[in-house]
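Please read the points below alongside the sequence and the coordinates.

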Amino acid sequence: MSILRKLAFYLVALFAALTLNFAIPRMLPSNPVDVLLGKLQAQGPVTPETRQALMLLFGTDTSVPIWQQYLDYLQSLATGNLGVSVTYFPTPVTEVIASALPWTLVLVGLTTLITFVIGMVIGTIAGWKRGTWVDSLIPSTTILASVPYFWLAMVLVYLLSVTAGIFPLGGGYDVRRTSPELSFEFLSSALYYAALPALTIVISSIGGWILGMRNMMVSTLSEDYVITARAKGLSPKRVMITYAARNAALPSIAGFAISLGFVVGGSVVMEQVFSYPGIGNAFLLAVQNNDYALMQGLFLVITISVLGANLLVDLLYQFIDPRTRARGV
Amino acid sequence: MAELITESIAVRADAADEEPDDSQRRRGRSAFWRRLLTPKFVVGAVVVLLIVLFGLIGPLITQDPNAIDNIGLSSPSGAHPLGTTSVGQDVLAQLAHSTRGSLTVGVLVAAFTLGLSAFFGIIGAYIGGITDEGFSLLSNVMLVIPGLPLVIVIASYVESQSVLLVIVVLALTGWAAGARVLRAQTLSLRNREYVLASRVAGERTWRVICVEILPNLLPVMSSGFVFGIVGAVLAEAGLSFIGIGATGSLTWGTMLADAQNGQALLFGAWWWFAPPGLLIAALGAALSLINFSIDEVINPKLRTTNIAKVERRTKREHQS
Amino acid sequence: MSTNPEMSSAAGVATPGRSGSVAPDSPLLSISGLSIDYLGERTVHAVANVSLQLGRGEIIGLAGESGCGKSTLAYGINQLLVPPAVITEGGVTFHDRSGDDIDVLALEDKELRRYRWNKVSMVFQGAMNSLNPVISVRAQLNDVFATHRPQMSKAERRLRSGELLELVGVDPKRLDSYAHELSGGMRQRVMIAMALALDPELMIMDEPTTALDVVVQRDILLEITRLREELGFAVIFITHDLPLLLEISDRIAIMRHGRIVEMASAEEIFFAAQDPYTRQLLRSFPSLTGERGDFIRHGAQLENEEVR
Amino acid sequence: MIFSKRVARLLGAASLTAVLAVSACTGSGQETGDDDTAGEGVILQAYGGASGQFVENYNPLSPTVLEAIRGMVYESLFYFNPLQPLSAKPEPLLGESYVVNEDGTVVDVTIKTGVTWSDGEPFTAEDVAFTYNTVRDNPELNTTGNGPAAEVTGENTVRLSFDRPAFPDVPNVLAVSIVPEHIFSEMENVVIDPNLEPVGTGPMVLGEFTAQSYLLEKNDSYRNAEDVAVPGVRYFSLSGNQAATDKLLAGELDMAGIAIPDVETVLAPYEDLHILTTTFQQVVLTTCSDEEMGCEGPQTDPTVRQAMALAIDREQINQLAYYGRGLEISPTFGVVGRDDEQISDEFPPMSMEPDVAGAKELLEDAGWELGSDGVYAKDGERLSFDVIVTSGYTDYISTLDILKQQLAEAGIEINPQQQANAEILSARSQGNFQVAIDGIFGGPTADLYYIYNNNFSSAQAAPVGENGNPYGNVSKFSDPTVDAAIQAAAATQDPAEKVRLYGEIQDVIVPAMPYIPLINNQGFGTYSTANYTGWPTEEDPYVQDFSIGLLLERLEPVN
């Protein structure tokens, strides 16, 4: 029952996302051809013939009835055909996404995970040692979270990369020395290039996790089972981890799945600042170029990843919190 | 899953439930504001007040923020206390108007968001049945659909990127989490005795909601409102940065975007680039302080103040 | 294991003829002049100059309205208080079976942890929440053994856990259950089993039956008195439900505003309460006039619900 | 290629352009590594405005081909350089010479001999004919709409036959990249084939590709290979101006097309970095000018447009929005200096100083009266209108901020409206705007024909409400004299006749002024002399586009 309900929910969410995905680009004014023309124009006059030729090329034909378009859209999705990107014509959208996705997944995904874990640990300790110096750091981490991300990132790039030269200016790896492959050289280069973006993500997002965990810890510490555990004479470490933290972490873990959605969104800004070759960058590009197919494909991939991640955490959650096994959602 | 996220916020409210009876409940309400007056709250409130005053009065006493002067990108001076932009506009004047703009965005988005959350959260939970199912499905779906990409797509579509558009888009995509929290709270409240009593006594639904339920949700809602402001200001700044914000209006976000487009960092024009960012941070920090205080009033356990002192005292007395 | 020869049987009203104000001959716990403050904007004296002696195998009831300091007192006995609660003066001495006197308030860290549960175990109010919801009953019992009886083998632990559950009338299969899979009554029985795990000399029960319905509550009380009979541990039983105490306690202490206003045998309290507050407290349970032992405490029940 | 601000400004602009070059190991010293080929120079490091990832598309006939593939790998028959005056001859690449017949319908081309494709196959007239016929047969590729039929007329000659007179189309047609028949004829669909193994005739061949950068390497079989000292060119994709500028200043780019505000000041401390003006962006206020086409608002009155043109302080705009790099603008839209021979003597450049009194007089003579709000009005209509501008186009937005203040002094109110690029395009396509700020760009050569045909011909205008070319005659201006003169200019090669016809056009469009001239902004490319010298300069702009292979023949490594 609970599993079925859950799956039904995700199906509804997926359907809503698919429909939104279909509808929104169609409401956008203008078309990809005109955007492309804007770029061509800077190289010479653009004749009506050029426009005509490009219209033909990109198949921007709007005479098909909308319901037919919707059905076609669903059908091509079902067959894994996301269409052809105008920006990267004639490359299929799937290829564009495939080459961008790993960067975002690895950098943003991993960093988010690391941030989460560190935040949890610090939050646990701060909550446990309520009132000590660790705890008094909490407000300052929250202040960091109030600084606009891109502003922080740009200031850091300016100070650490441009001025001090400690970090690279941007990009995914040193393209002059290595290329994507499973080699030490490439991986270390990618790591080096990811350091500053990762750092900024950690700095700007860790505060929320710390605070949430800290507050949950404080609440949990007054729960009867924690007092019982202390009364049982268990070691403080055992009480802190098994009794307090394991329970206190539950809402944060649930929140982590939701936060994945913001992660992808946040990557748009991050990748912009750091010239990072991920899907955030591709997404912005698609929007600016009215590249419907690419936009739709990316939105779809983002949505499905987020839904998938949620489902995964949801299922995992059942192992972490035995109550949900019976309770159902 | 979606409902789990709200638990962390709900915890606070659980603590608020420790009000044994009606009389205490009423006392609690008035005590809420009294207990709020902690040093943290005062500092936060003063900073917020200063920023608000700057936004209110600043535009009246500074120069025309759009006025062009032939000294582009000049550093702070007597005539321009915060220097000028690349076309010689007075940064201080722009900052004052931007403060007004950003605060407007923040407050309106937070208000609209709260309104939507309250509508979908409270009404749904109170009425129950199909309505609740529907509302709660809607908010869960909204919660799992990635927001920013959606915002980008919508914002890039609507004609003329006005402040109003940004406000509407942010509110439309931001209400779901709040609705879940309020729903959870309302569910627990609607079965309280005083609420049941009102219902049995035949009070009209809206009256029960307004008189019996809303006041008890006030702490949670005020905290949500405060967070909403920070979130909206940050979101607006982010949208402006990637070029789809409230262009044409003055907000901290558009100022930062202008500074970025004008390569302020390249020219070392810190006076153009730094103040809007710092003001956002200051507002965020101040509102966070206020929120800490609200949290601590709702849930005294969360208090950090004085505990260290108490602990030292404990130790001392122990040893004696 | 020692038993108190004076112990009366089952759940009857307290043995008549014993003066509650007189200290027992074989003391287990002595509290002298204990004061506990809550430090805050204005300091609250939660417990003020409380002295009392508990005999081996004795059941002492601690009664009083919410916020009178009964739980604080109980926590103080086990050094479980956390800031801002502070013990400002007084002493707690535990007279161990071995003959040693333990100055409880001087215990720190390891020693303190060894004292806890070994000597004094606790069953808390809110039967529902004393079990860690995310680990199984077995794991929580194992925690106790692993901490205090590290030499026990896995098999021994398993055996002992099963025994304990049987002792409190719960199917040993339930060892692998999680808290949410148990009914309220079962949870509380499990907690009692856990409290018995190390064969302690004192069990502090802080409103152990408050959240249970009347029938279950009664079963549990019977269980406790039976076990006390069998195992001979002393009990400090905390509740604001005076009639219930009358039923099970040897002596009863009435607390108000952090002080013990009256301390006497259950019978004396019932028939000849001295303190006006005690009388007021007794009057507030109208059903008391009914059949002995037949407490239909609807009013109390409702009030409890509300407190939760 | 142009380094217009607008292109670079588009954060995401895909890289259509190729411009620039640059060398690698630069000042930072850390990089002298693997890319260096000993003996010759180092790898040039280039940024042409690309952002996002690269995807492989080496088909030079595709509009989304990777920058620099056209020019570096594939070559056209001739190279027309718009930086040279109209009288200059195009540079022969694969072609040797060409002759256009009298009515402009046939072009006979003689091609170079002894050229080979990079796979060793000989380059022949058949390849040329195949290329043109492919373009003609695929409407998707026929971007001039006047693609010629081609036939081989001799061993080294090809005849291109047009359906209609094509004098103005010739530079575009002869700039088409020639592709090898033996490869392209095998393609199933030449329109969408990404041509993954490019085989060209140019100085470079494909080295390696990744989504973040790709490397072109020297083609040893290039006909002038001995003149090419550059072992390779690496192109990068970056997120935008800021990132690119940082990289440039860090010495990590040898050539770049980046819009850098106040570029001279920024580059001043770096003695290796220089700029070359590559394009002229004539910044104008485009008005929806013709009531008969459906335009509405006070800007449809030519007097209003003239008054506005008078009231503008161009020097202030130049200083504040263009950092003093702007040039005088001619109301005829010929580039002052370069195009002087095509500009009628009657029309001097627009004054850099405002004439507010003159503007007011003009308005008052036409019946406008100054209202109490300081804005002129006539028949209840206030002299006030919206000006649309793409959000993020900083120089345009600054310009409008400045204009708002300047025009207010002359009793004219403008309200800048920032909109998304897509929204602007839609408005311009359909005519749903009053005034927009725009750039008028030149054509493939310095011939004014391109500007006039594109921006003033009624054939390029659609009535308001209909979908038109958003880069065509957006002002909706239409005048029979102008149309006739444009048509006549398209049918002649006689320079004197052209100048006469342009004079006729100018006599009409200058007083009508559907586009109000603001300033002539110079687009530029940036290059570094740290690793190579011999770059094109103002005195010798031998290429405009840094992706043209000719550039590599002239670069000399330092040391």
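A residue is called buried when its relative accessible area is under 20%, exposed when it is over 50%, and partly exposed in between (1.4 Å probe, protein chains only). Helices (H or I, at least four residues) and strands (E, at least two) are DSSP runs, numbered from the N terminus. The model is predicted: local features need pLDDT of at least 70, side-chain atom pairs count only at pLDDT 80 or more, and totals for chains, interfaces and linings use all residues. Residues are numbered from 1 along each chain as its sequence is written, chains are lettered from A and ligands numbered from 1 in the order in which they are written, and side-chain values use heavy atoms, with hydrogens and water left out.

**Chain D overall**

- Chain D contains 16 helices and 21 strands.
- Its radius of gyration is 24 Å, close to the 24 Å that the globule rule gives for 559 residues, so chain D is as compact as a globular protein of that length. The radius is taken over C-alpha atoms, and the rule is 2.2 Å times the number of residues to the power 0.38.
- Along the principal axes, the C-alpha atoms of chain D fill a box of roughly 75 × 55 × 40 Å.
- Buried residues make up 65% of the 559 in chain D.
- Among contacts (heavy atoms within 4.5 Å) in chain D with a separation of 6 or more, 71% join residues 24 or more positions apart.

**Helix 9 of chain D**

- Helix 9 spans residues 314-321, and six of its eight residues are buried, so the helix is largely enclosed by the rest of the structure.
- The buried residues of this helix are Arg314(D), Gln316(D), Ile317(D), Asn318(D), Leu320(D) and Ala321(D).
- Asp313(D) caps the N-terminal end of helix 9, with a side-chain oxygen 3.2 Å from the backbone nitrogen of Glu315(D).

**Glu156(C)**

- Glu156(C) belongs to helix 4 (residues 154-167) of chain C and counts as partly exposed, at 42% relative accessibility.
- A polar atom of the Glu156(C) side chain lies 2.8 Å from the backbone nitrogen of Ser153(C).
- Leu105(C) is 51 residues from Glu156(C) along the chain, and their C-alpha atoms are separated by 33 Å.

**Thr99(B)**

- Thr99(B) sits in helix 4 (residues 91-127) of chain B and is buried, with a relative accessible area of 0%.
- Leaving aside neighbours within four places in sequence, Thr99(B) is in contact with Ile51(B), Phe54(B), Gly55(B), Trp252(B) and Leu279(B).

Definitions and conventions: A polar contact is a pair of N or O atoms within 3.5 Å; within protein, one must be able to donate a hydrogen and the other to accept it, and residues adjacent in sequence count only if both atoms are side-chain atoms.
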